[in-house]
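The following note sets out points for a colleague examining this model. Please read each point with the coordinates open.

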Amino acid sequence: MPDCVDRDALLRALDVELEPQRFQDYCPNGLQVEGRAEIRRIVSGVTASLALIEAAVALEADLLLVHHGYFWRGEPQPVTGMKRRRLQALLRHEINLVAYHLPLDAHPRLGNNAQLALRLGLETKDVLRADGVGSVGHLPEPLPAREFAARIESALGRAPLWIDSGADLVRRVAWCTGAAQSLLADAAAAGADAYVSGEISEQTTHEARELGIHYFAAGHHATERYGAQALGDWCAERFGVEHRFVDLPNPV
């Protein structure tokens, strides 16, 4: 049987590691829905959808650890419909919901950007934004842009949407997982040959062409599969609890 850890002790350790107080975020970080006080089994995933909650119930999880939780700034407040069903499932089964958004993007080892760099063979040299969200680095050896696109596809299991508007060779790269297409100009200002993020907007194509930089929209879900997984593994190693990562396919 896995070890047991007090939920509040686990939350304190997570807050020390991730430093959520450093960020002006769009949602609360940490415990969002309170469940049982003792934690033996953690299930992690990208987004706290009903399907992920049901998977956590089936795996008899005490805590669900995600990147995208609830209570986003500007969302409707009434607990009705989809929100009611999600909360009802968590509360009925006494599963804690713990979510870290920007702190999990920015962590230099466990974060989404750090984990994506490992999979793409990128060496991180600097941050893209002052709060640590987004990274700038380089490939050990320059790659033709087409080969870099193929590397992204191989690593993430999906072909990126590629705006081919930069130099033939890619060496310096900036990246920020999720919906960070708005940082494209920052990537160009940092001297990047290419910028990798999750999503793309209509204007991104024009910006990439005018800035002369390759843009790779590699998928919001695909680029953010790895932070919650790494954080769950960290919890398991530190506290001896059981951890399972559940990946629910998402084409976005």
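1. Tyr70 is buried, at a relative accessible area of 8%; buried means under 20%, exposed over 50% and partly exposed in between, with a 1.4 Å probe and protein chains only. Phe71 is partly exposed, at 32% relative accessibility. The model is a predicted one: local features need pLDDT of at least 70, side-chain atom pairs count only at pLDDT 80 or more, and totals for chains, interfaces and linings use all residues. Residues are numbered from 1 along each chain as its sequence is written, and side-chain values use heavy atoms, with hydrogens and water left out.

2. The structure contains 4 aromatic pairs. One of them joins Tyr70 and Phe71 edge-to-face, at 6.0 Å centre to centre and 85° between the planes. For such pairs, the ring centres of Phe, Tyr and Trp (its six-membered ring) lie within 6.5 Å; planes under 30 degrees apart count as stacked, over 60 as edge-to-face and the rest as tilted.

3. Phe148 and Phe216 also pair edge-to-face, with 5.4 Å between centres and 85° between planes. This pair links distant parts of the chain, 68 residues apart: Phe148 belongs to helix H6 (residues 145–156) and Phe216 to strand E12 (residues 214–217). Helices (H or I, at least four residues) and strands (E, at least two) are DSSP runs numbered from the N terminus. Phe148 is buried at 0% relative accessibility, and Phe216 is likewise buried at 0%. Together with Trp162, Phe148 and Phe216 form one aromatic cluster.

4. Which residues does UniProt list for "binding site"? The unreviewed entry gives His67, His68, Asp105, His220 and Glu224. These residues span 158 residues in sequence, yet no two of their C-alpha atoms are more than 12.2 Å apart, so they gather at one spot. The lining of the largest pocket includes His67, His68, Asp105, His220 and Glu224. A pocket is taken on a 1 Å grid over the protein atoms alone, as an open set of points where a 1.4 Å probe fits, with protein on both sides within 12 Å along at least five of seven lines; lining residues have an atom within 4 Å of a point. UniProt positions follow the numbering used here, feature names are shortened, and annotations may be inferred rather than shown by experiment.

5. His67 lies in strand E5 (residues 63–68) and is buried at 1% relative accessibility. Glu224, in the loop between helix H9 (220–223) and helix H10 (227–239), is buried at 2%. Their side chains are joined by a polar contact of 3.3 Å, that is, a pair of N or O atoms within 3.5 Å; within protein, one must be able to donate a hydrogen and the other to accept it, and residues adjacent in sequence count only if both atoms are side-chain atoms. Beyond four places in sequence, the contacts of Glu224 (heavy atoms within 4.5 Å) include Asp105, Asn112 and Thr177.

6. His101 occupies the loop between strand E6 (96–99) and helix H4 (102–106) and is buried at 11% relative accessibility.

7. Gln24, in the loop between helix H1 (7–18) and strand E2 (30–33), is exposed, with a relative accessible area of 76%. Gln24 and Leu102 are separated by 78 residues in sequence, with their C-alpha atoms 8.4 Å apart in space.
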